[in-house]
Amino acid sequence: MNAVQGKWALITGATSGFGKAIAELLAKHGCHLIVTGRRAERLESLQHILEEKYSVRVLAYCFDVRDLNQCVEMSNDLQSREIVPDILINNAGLASGKNKIHEGLIGDWEKMIDTNIKGLLYITRTILPMMVARNEGHVINIGSTAGHVVYPEGNVYNASKFAVKALNEAINLDLVGTNIRCCSIDPGAAETEFSLVRFHGDANKASKVYEGYQALRAEDIADAVLYVIGTPPHVNITNMVIYPTAQRNVFVWDKKG
Ligand SMILES: NC(=O)c1ccc[n+]([C@@H]2O[C@H](COP(=O)([O-])OP(=O)(O)OC[C@H]3O[C@@H](n4cnc5c(N)ncnc54)[C@H](OP(=O)(O)O)[C@@H]3O)[C@@H](O)[C@H]2O)c1
C-alpha cells in the first residue's frame with residue numbers, strides 16, 4: 001500500500017501540463033481522481049484513459065474555476081456521492097500576457113487574478129470544509145517562483161502568485177490544531193502549455209522560452225507532489241521551490257546558444 005492508493009484526489013486544471021501529469025502519476029499509484037478543466041474533450045479522454053489503464057475511479061467536472069456557482073455545484077455533487085477529497089491540488093492557473101504595467105491589458109489582468117487567486121479561493125472554500133469536518137486531508141497549491149521574486153513585465157502574474165504564497169501560509173495558520181497539511185509547490189521554468197497561453201497562442205514566442213536549456217517537465221512536478229503527499233502525517237512540508245538545474249533563480253540562467 002502506498003500513500004495515495006484508494007484515496008481521492010481533486011486536481012484542478014488537469015487537461016494539460018502539471019495537472020495532467022499529476023493525474024496520471026496519482027492514478028498509476030491507485031488514487032481515485034476528480035479532474036477539472038474547461039476543455040471537455042480532453043477531460044473526457046483523460047477520464048477514459050486513466051480509468052482503463054489504472055482501474056481507478058475518475059470523475060470529470062468541466063467548468064471554469066472563475067465561476068463560483070460551478071465550484072459550489074461540483075462540491076455539492078461530491079457531497080451527494082459521499083466523496084470527500086483526501087487531497088486537493090489547486091493547480092488551475094495561467095499567465096496571460098507579458099507587458100509593462102502601463103501597457104498591460106486589463107482583460108489579461110482579470111483572467112490571472114480571477115483564476116489564480118479567486119478560483120483557488122472558490123475551490124478551497126467549497127472543498128476544505130469537508131476535510132475539516134473529517135479532520136484529515138492534504139492541500140497542495142501550485143504557486144510559482146514568480147511568487148517569490150518579481151521579474152520585469154511579470155507584474156500582475158507575479159502579484160497573483162505572491163497571493164498564492166500568502167494564501168498558502170494563511171491556510172496553514174488557520175488549520176493549526178487539525179491534521180490537515182498544506183504545501184505550496186513553486187516551480188521555475190517548466191515546459192507545458194503555459195507559455196503558449198501566456199503569449200496568446202503564439203507558438204514561436206512560446207518555444208523561445210524553452211530554448212538552450214533543459215526546462216522542468218510536468219512529470220517532475222508530479223513527482224514532487226507525490227513525494228509531499230507521501231510523507232508521514234506528522235510531517236508538513238509547507239513550501240517546495242523547484243528550479244531546473246540551468247536556472248538558479250529568476251534571473252540567473254545557463255542558456256546555450
Ligand atoms: N509552466 C511553468 O513554467 C509554471 C511555473 C510555475 C508555476 N506554474 C503554474 O502551474 C499551474 C499549471 O500550469 P501549467 O504550466 O501546467 O500550464 P498549462 O499546461 O497551460 O495548464 C494549465 C491548466 O489550468 C487549467 N485552467 C486554466 N484556467 C482555468 C480556468 N479558468 N478554469 C479551469 N481550469 C483552468 C487549464 O485547463 P483548461 O484550459 O482546459 O481550462 C489547464 O489544464 C498554473 O497555476 C501555473 O501558474 C507554471
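Let me start with the lining of the largest cavity, where α4 (106-134) gives the most, with 3 residues. Helices such as this are DSSP runs of H or I with at least four residues, numbered from the N terminus. A cavity here is a set of points on a 1 Å grid over the protein atoms alone where a 1.4 Å probe fits but cannot get out, and lining residues have an atom within 4 Å of a point.

This is a predicted model, in which local features need pLDDT of at least 70, side-chain atom pairs count only at pLDDT 80 or more, and totals for chains, interfaces and linings use all residues. Residues are numbered from 1 along each chain as its sequence is written, and side-chain values use heavy atoms, without hydrogens and water.

Back to the largest cavity. Its volume, the space filled by probe spheres set on the points, is about 70 Å³. Of its 15 lining residues, Ser-96, Gly-97, Asn-99, Trp-109 and Asn-155 lie nearest the centre.

Which element gives the most to the second largest cavity? Again α4, with 4 residues. That cavity has a volume of about 50 Å³, and its lining includes Thr-12, Val-65 and Asn-90.

Now the ligand. Val-65 turns up here too: one of its backbone N or O atoms lies 3.0 Å from a nitrogen atom of the ligand. On the side-chain part, an N or O atom of Arg-38 is 2.6 Å from a ligand oxygen, and for Thr-15 the distance to a ligand oxygen is 2.7 Å.

How values were computed. Polar contact = N/O pair within 3.5 Å; in protein donor to acceptor, adjacent residues only side chain to side chain. 1 Å grid on protein atoms, 1.4 Å probe; cavity = no way out; pocket = protein on both sides within 12 Å on 5 of 7 lines; lining within 4 Å. Helix = DSSP H or I, 4+ residues; strand = E, 2+ residues; numbered from the N terminus.
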